[in-house]
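Subject: Structure handover

Hello,

Here is the structure I promised to pass on. Please open it and keep it beside you while you read my notes.

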Amino acid sequence: KTFTKWVNKHLMKAHRSIDDLYEDLRDGHNLISLLEVLSGDSLPREKGRMRFHKLQNVGIALEYLKHRQVRLVNIRNDDIADGNPKLTLGLIWTIILHFQISDIQVSGQSDDMTAKEKLLLWSQRMVENYRDLRCDNFTSSWRDGKIFNAVIHQHRPTLIDMNKVYQQKNQENLEQAFTIAEKELGVTRLLDPEDVDVPHPDEKSIITYVSSLYDALPRVPSVESGVRANEVELRWQEYYELVTLLLQWIRHHISTFEERRFPSSYQEMEVLWRQFLKFKESDLPSKEAEKNRSKIVFRSLEGAVQEGQLKVAPGYHPFDVEKEWGKLHVSILERERVLRTEFERFVIVRLHGNRPFGPSLLAHP
């Protein structure tokens with residue numbers, strides 16, 4: 001239920017919606033639209049209604065996720081096209097993790113912390129000064145609704161009367177928090193009180209909602225995590241150089257991948273294909289690490305940006321970088337499609353010419 005609401009929250013921007021999570025993603029159209037809304041990219045799609053077209057559309061969505069370095073474990077296009085409940089849920093959870101939860105940053109985090117651990121640390125920081133409140137997990141700790149209310153109160157004290165919260169019943173607290181978060185903070189009501197006030201609340205549902213709260217609330221730089229005044233200029237220079245080089249690299253490869261003149265020999269085409277595989281398997285992950293590094297540096301400067309000490313040049317905000325990164329992934333998908341087509345043409349020519357050739361390189365994952 002929570003995942004369906006989360007999907008609809010984004011699909012409404014594409015004037016779409018779903019009723020049944022398992023059934024309404026089967027043809028791949030809603031899945032592609034969801035990824036387009038989340039990424040800002042335009043993806044290709046098949047318009048037919050046959051099973052072949054459904055498999056193609058789901059395949060396009062899964063391939064796009066792989067190009068964005070999203071790890072898909074045992075999820076195939078036929079699993080989604082057949083409405084497999086377990087794997088469909090797994091796919092949506094993977095998308096939520098990548099697009100909503102993976103960028104969480106909190107002061108005091110360690111480099112080896114997962115996104116879930118960072119979100120838990122953030123939640124603990126939000127309630128550390130509230131009487132008798134402990135956030136140990138994303139299940140039972142949230143059942144009575146007090147932590148939801150405390151997180152809102154921490155940022156907007158006038159919205160919540162915490163004395164009242166300590167006296168209310170579980171479902172009253174939950175209803176109050178979800179209603180106020182939706183009306184005052186714009187946080188979509190992904191949960192209802194009866195979803196949470198149970199012996200074992202669903203962890204993934206609560207993580208999804210809490211991450212929506214995290215996104216809606218302002219980042220207040222702490223003294224511990226803030227950048228000292230004499231460091232701001234150096235950190236900004238580092239960010240600017242990282243992003244400049246990254247954008248140059250992205251645009252260069254988008255331009256390169258638009259090239260449609262190909263070698264005239266099988267051997268040269270083989271070299272071109274191997275170069276493309278090396279790019280995907282080695283160069284791309286390396287640059288993604290640099291992109292993530294630039295986001296971390298920007299986070300450390302957010303306070304200075306909000307206070308007007310720094311002005312972000314047009315095209316240099318992390319959102320702008322992500323948009324260019326998304327364009328690159330669309331370009332990679334199209335490049336791979338064209339290369340495969342050309343390579344298959346060479347294979348057919350060799351077959352008709354009855355000349356021996358080795359195993360197809362296109363068998364590479």
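Lysine 1 counts as exposed, because its relative accessibility is 52% and the cut-off for exposed is over 50%. Bear in mind that this is a predicted model. The side chain of lysine 1 meets that of aspartate 192 in a salt bridge, at 3.2 Å from N to O. The pair links distant parts of the chain, 191 residues apart. Lysine 1 sits in the segment before helix H1 (2-11). Aspartate 192 sits in the loop between helix H9 (170-185) and helix H10 (193-196). Aspartate 192 is buried, with a relative accessible area of 14%.

Why can such side chains pair at all? Side chains of opposite charge can do so when their charged atoms come close.

Lysine 1 and aspartate 192 also belong to a network of salt bridges.

- Arginine 76 and aspartate 79: their side chains meet in a salt bridge at 3.6 Å, N to O. Arginine 76 is partly exposed, at 49% relative accessible area. Aspartate 79 counts as buried, at 9% relative accessibility.
- Glutamate 324 and lysine 327: their side chains meet in a salt bridge at 3.2 Å, N to O. Both residues lie in helix H14 (residues 318-352). They are 3 residues apart, about one turn of the helix. Glutamate 324 counts as buried at 15% relative accessibility, and lysine 327 as partly exposed at 40%.

Next, look at lysine 287 in helix H13 (residues 266-306). Is lysine 287 buried or exposed? Lysine 287 is buried, because its relative accessible area is 17% and buried means under 20%. Leaving out residues up to four places away in sequence, lysine 287 touches Leu246, Trp249 and Trp325.

Now the helices. Start with H2 (residues 29-39). In H2, 8 of the 11 residues are buried, so this helix is largely enclosed by the rest of the structure. The buried ones are His29, Asn30, Leu31, Ile32, Ser33, Leu34, Leu35 and Ser39. What covers them? The cover includes H1, H3, helix H4 (77-81) and helix H5 (85-101). Just after H2, glycine 40 takes a positive phi of about 80°.

Helix H3 (residues 51-67) lets you try a quick check. It has 17 residues, and at 1.5 Å a residue they should span 24 Å. The end C-alpha atoms of H3 are 24 Å apart, which agrees. Buried residues of H3 include His53, Asn57, Val58, Ile60 and Ala61. Leu62, Tyr64, Leu65 and His67 of H3 are buried too. Just after H3, glutamine 69 takes a positive phi of about 65°.

Last, find helix H6 (residues 115-127) and helix H7 (residues 146-155). Their axes come within 9 Å and cross at roughly 70°. H6 and H7 are therefore roughly perpendicular to each other. From H6, the contact is made by Trp122, Met126 and Val127. From H7, it is made by Ile147, Ala150, Val151, Gln154 and His155. The residues of this contact divide into 6 nonpolar, 2 polar and no charged.

Best wishes

How values were computed. Residues are numbered from 1 along each chain as its sequence is written. Side-chain values use heavy atoms; hydrogens and water are left out. Axes are lines fitted to C-alpha atoms, for helices over the stretch in contact, and angles run from 0 to 180 degrees between N-to-C directions. Helices (H or I, at least four residues) and strands (E, at least two) are DSSP runs, numbered from the N terminus. Angles under 35 degrees count as roughly parallel, over 145 as roughly antiparallel, 65 to 115 as roughly perpendicular and the rest as oblique. Contact means heavy atoms within 4.5 Å. Ala, Val, Leu, Ile, Met, Phe, Trp, Tyr, Cys and Pro count as nonpolar, Asp, Glu, Lys and Arg as charged, and the others, Gly among them, as polar. The expected span of a helix is 1.5 Å times one less than its number of residues. Buried means under 20% relative accessible area, exposed over 50%, partly exposed in between (1.4 Å probe, protein chains only). A salt bridge is a side-chain nitrogen of Lys or Arg within 4 Å of a carboxyl oxygen of Asp or Glu.
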